[in-house]
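User: I'd like to go through the holes and a couple of helix pairs in this one, with the reasoning spelled out. Here it is.

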Amino acid sequence: MKCSVAWLQEWVKNPFDVKTIAEQLTMAGLEIEAIEPVAANFNQVVIGEVLEVERHPNAEKLNVCKVNVGETELLQIVCGASNVKAGMKAPVALIGAQIGDIKIKQAKLRGVESFGMLCSAQELGLAETSNGLLELPQNAPIGQSIREYLKLDDSMFEINITPNRGDCLSIQGIAREIAVLTQSNLIAPEINIIQTTISDTFQVELINSNACPHYVGRIIRNINPQATTPLWMQEKLRRSGLRTLHPVVDITNYVLLELGQPMHAFDLEKLSGGIRVRNATKGEKIALLNGQTIELDDKTLVIADHQQAQALAGVMGGSDSAVSNETKHIFLESAFFLPSLFAGTARRYGLQSDSSQRFERGVDPSLQIKAMERATALIIEICGGEVAPLIQAIEPEYLPERPTLYLRRERLKRLLGVDIPNTEVSNILKRLEMEIQIKTEGWQVVPPPFRFDIHVEADLIEEAARIYGYERINGEIAQSPLQIKNQHHSLQQLQMKLVQQGYQEAITYSFVDPSLEKLLHPESNPLALANPISSDLAVMRTSLWAGLLMALKHNVNRQQSDVKLFETGLRFENGEKLEQIPTLAGIAIGRALPEQWGDTKNRAIDFFDVKGELESLISNVTFVKGTHSALHSGQTAILMRGKEKIGVMGALHPKVAQALDLTGHIYLFELNLNTLLNKSTPIFAPLSKFPSLRRDVAVVVSQAVAAADILAIVRQNAGEWLVDLGLFDVYQGKGIPDGKKSLAMGLTFQAFSRNLTDADIDAALAQVLVALEQDAQAVLRT
């Protein structure tokens with residue numbers, strides 16, 4: 001949000017320093033992203049009146065003007081602006097003026113002397129584009145500095161308003177915060193009840209009063225179609241990032257910026273019968289102010305007359321009833337829409353407006369009449385007209401209730417670690433316009449109606465902390481008694497191990513494309529979202545692979561050939577009830593090692609590289625051949641810890657890769673964090689005092705037999721003295737029959753009560769070889 005510092009200063013009694021208040025607002029949660037001047041850097045630019053305009057004798061597109069700038073002699077200025085005319089007032093840069101990097105000098109243009117320059121808004125940094133000179137009001141004082149006249153010694157705040165602080169999307173809201181932080185009084189403009197001059201009324205029906213429990217309207221007749229928006233209002237709108245459109249529209253925008261209440265004006269003569277606040281009928285169409293025509297669903301709230309929808313409620317008006325330069329009679333609207341039912345409406349249609357931004361976050365439900373009176377007063381002042389009485393439709397039972405909360409002194413001190421005096425806490429809450437009652441253990445608090453973000457005691461503690469000042473809360477080292485607990489892998493340890501192996505963490509949406517979800521998990525039944533952000537983010541993910549594959553594709557398409565990503569998050573299984581399963585997933589493609597002189601072959605990463613990384617990540621895990629719809633049938637493994645499945649890994653199925661337009665060997669894994677992080681405390685085992693003996697054994701076995709199966713047979717039959725077993729070589733080639741492979745294993749034996757002899761080891765190996773031959777048709781390699 002952009003806002004003028006000078007406009008804010010009008011609302012706060014005590015003057016404030018711009019940089020100081022910017023720091024205070026940022027520390028209080030309203031981040032000031034930028035402080036910018038409202039105009040370009042210029043001087044010696046004054047208000048001038050063009051008295052004469054003659055065609056340049058040597059140039060068709062130039063005019064020679066006589067300009068009065070309040071000096072004894074008139075200035076002769078050559079001007080090429082298309083809108084220059086006698087009698088107009090415009091900014092004049094005098095000889096010696098500096099506008100940005102340009103210094104104004106006396107010049108001769110096509111043989112005619114020019115003693116200054118008539119200026120456009122763009123040249124003064126007041127607009128990005130302009131079609132001619134900046135025309136000033138006729139009452140602008142000749143000779144006065146334009147910087148002084150337009151109050152251009154001002155700055156703009158660009159403020160990052162968090163979604164929970166919809167009350168700060170207005171000058172009133174920001175000024176409230178400044179007044180609280182500086183302990184100043186708020187100076188709100190006086191808003192009086194406007195006296196009516198006509199008795200016209202217009203029927204208003206709240207058909208969906210649940211979504212719109214309060215609607216205020218008013219007829220104003222015989223406004224002046226030739227009225228123009230005054231320059232002071234144009235400037236305030238410009239400094240807030242809005243352009244001038246039409247006086248009535250500008251006034252509704254002004255009230256939106258000033259008070260935070262979105263409003264809309266209809267051309268009364270284009271409405272039929274009355275106003276109906278209702279849901280659209282499915283397939284109903286509406287032409288909007290932005291030129292779009294959209295087809296509505298039956299969940300969308302509209303403002304309609306007795307014939308058709310005339311506005312998308314809280315988002316944008318319709319073009320069929322928009323005010324124009326011919327409009328004489330208007331119907332003014334000010335309404336409250338319930339945020340919980342309104343949220344998502346604008347996004348469903350790919351729309352975003354200043355109104356929807358505020359209604360989604362919450363607008364003060366007590367503000368509608370106040371905003372109507374403010375807008376009415378401005379319309380009468382600028383456009384004239386005859387005012388009819390207020391038209392109000394309200395369903396109080398659907399308006400949000402203000403919660404009653406309790407703030408405990410002990411809880412406040414325990415969470416913040418600082419003892420804020422009771423009087424200061426009371427003062428902070430009162431300055432925040434909260435209703436308080438002092439109780440024995442603390443305070444009973446009722447938040448103001450514009451604070452939709454305060455629901456529980458912790459919210460009150462946050463308010464106390466940010467107004468008290470985070471910088472006043474001293475940091476202390478936390479102290480806690482140490483206690484031995486069950487040993488678990490921490491998520492951070494797993495993440496750090498993956499980073500050390502070359503992975504980078506990714507964060508993707510929990511919402512995924514239904515077609516991608518079906519491609520990866522055709523058997524799944526993902527939970528569909530009621531109000532998706534977009535059609536390609538319409539279901540909850542049943543696996544983290546969908547987001548990682550899209551992230552991989554994004555990187556590969558940008559010439560990143562070596563990509564290793566991991567993500568931790570929830571996946572959602574939609575069975576009899578929705579389960580949210582904490583998950584760790586990863587994806588890898590590219591070279592096994594970074595490019596270097598010692599690896600000239602640039603070997604691509606393979607199944608066993610990823611398997612090895614997982615083995616270093618997880619202890620006591622076995623890999624069992626398995627299947628998965630998204631993985632290659634011959635390169636898929638189920639990860640088991642005992643009899644419990646903890647995950648799956650493998651190569652992406654070629655059909656899936658082809659559907660996603662991906663090439664190369666892609667490997668994925670996914671682990672259940674609930675199981676992975678739950679590890680029992682290890683039990684100490686005494687070390688043997690006797691030496692160990694190692695024997696290496698190589699067996700020849702069918703290629704179809706998994707090495708894990710061979711190792712399992714060895715463990716089962718080697719006896720109690722086997723303390724370590726490892727596979728150190730796999731060989732196929734010369735000397736090995738076709739269809740066979742050689743597996744070489746190292747077996748380490750050790751006893752706790754005596755030295756082992758060669759005879760002990762030979763007996764154990766003989767038992768192992770017999771079992772291997774019987775169970776796996778494996779023979780000793782000679």
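User: How many cavities of 30 Å³ or more does a search of the whole structure find?

Analyst: Two. Keep in mind that this is a predicted model, where local features need pLDDT of at least 70, side-chain atom pairs count only at pLDDT 80 or more, and totals for chains, interfaces and linings use all residues. Residues are numbered from 1 along each chain as its sequence is written, and side-chain values use heavy atoms, with hydrogens and water left out.

User: What makes something a cavity here, and what is a pocket?

Analyst: On a 1 Å grid over the protein atoms alone, a cavity is a set of points where a 1.4 Å probe fits but cannot get out, while a pocket is an open set with protein on both sides within 12 Å along at least five of seven lines; a lining residue has an atom within 4 Å of a point. The largest cavity comes to about 120 Å³. It has 15 lining residues, and Gly166, Asp167, Leu259, Gly260 and Asp364 sit closest to its centre.

User: And which residues line the second largest cavity?

Analyst: Arg176, Glu177, Val180, Arg431, Leu432, Glu433, Phe450 and Arg451, around a volume of about 50 Å³. Helix H4 (residues 171–182) gives the most, with three residues.

User: Now the open ones. Which element gives the most to the lining of the largest pocket?

Analyst: H20, with six residues. That pocket holds about 1,300 Å³ of space, and of its 35 lining residues, Lys611, Phe623, Ala706, Ala707 and Ala708 are the closest to the centre. By class, the lining has 18 nonpolar, ten polar and seven charged residues.

User: Why are H20 and H21 called oblique to each other?

Analyst: Helix H20 (residues 707–717) packs on helix H21 (residues 758–776) at about 135 degrees, with axes 9 Å apart. Under 35 degrees is roughly parallel, over 145 roughly antiparallel, 65 to 115 roughly perpendicular, and the rest is oblique. So H20 and H21 are oblique.

User: Which residues of H20 and H21 meet?

Analyst: Ile710, Ile713, Val714 and Asn717 in H20 meet Ala764, Gln767, Val768, Ala771, Leu772, Asp775 and Ala776 in H21 (contact means heavy atoms within 4.5 Å). The contact has eight nonpolar, two polar and one charged residues.

User: What is the volume of the second largest pocket?

Analyst: About 1,100 Å³. Its 35 lining residues have Leu134, Leu231, Gln234, Arg238 and Thr244 closest to the centre. Helix H5 gives the most, with four residues, and strand E2 (31–37) and helix H6 (247–259) are among the elements giving two or more.

User: What makes H5 and H6 oblique?

Analyst: H5 and H6 pack at about 55 degrees, with axes 10 Å apart. On the cut-offs above they are therefore oblique to each other.

User: And what do H5 and H6 bring to their contact?

Analyst: Trp232, Met233, Lys236 and Leu237 from H5 meet Asp250, Ile251, Asn253, Tyr254 and Leu257 from H6. That is six nonpolar, one polar and two charged residues.

Definitions and conventions: Axes fitted to C-alpha atoms, helices over the stretch in contact; angles between N-to-C directions. Nonpolar A, V, L, I, M, F, W, Y, C, P; charged D, E, K, R; others polar. Points joined across faces, edges and corners; volume = space filled by probe spheres on them.
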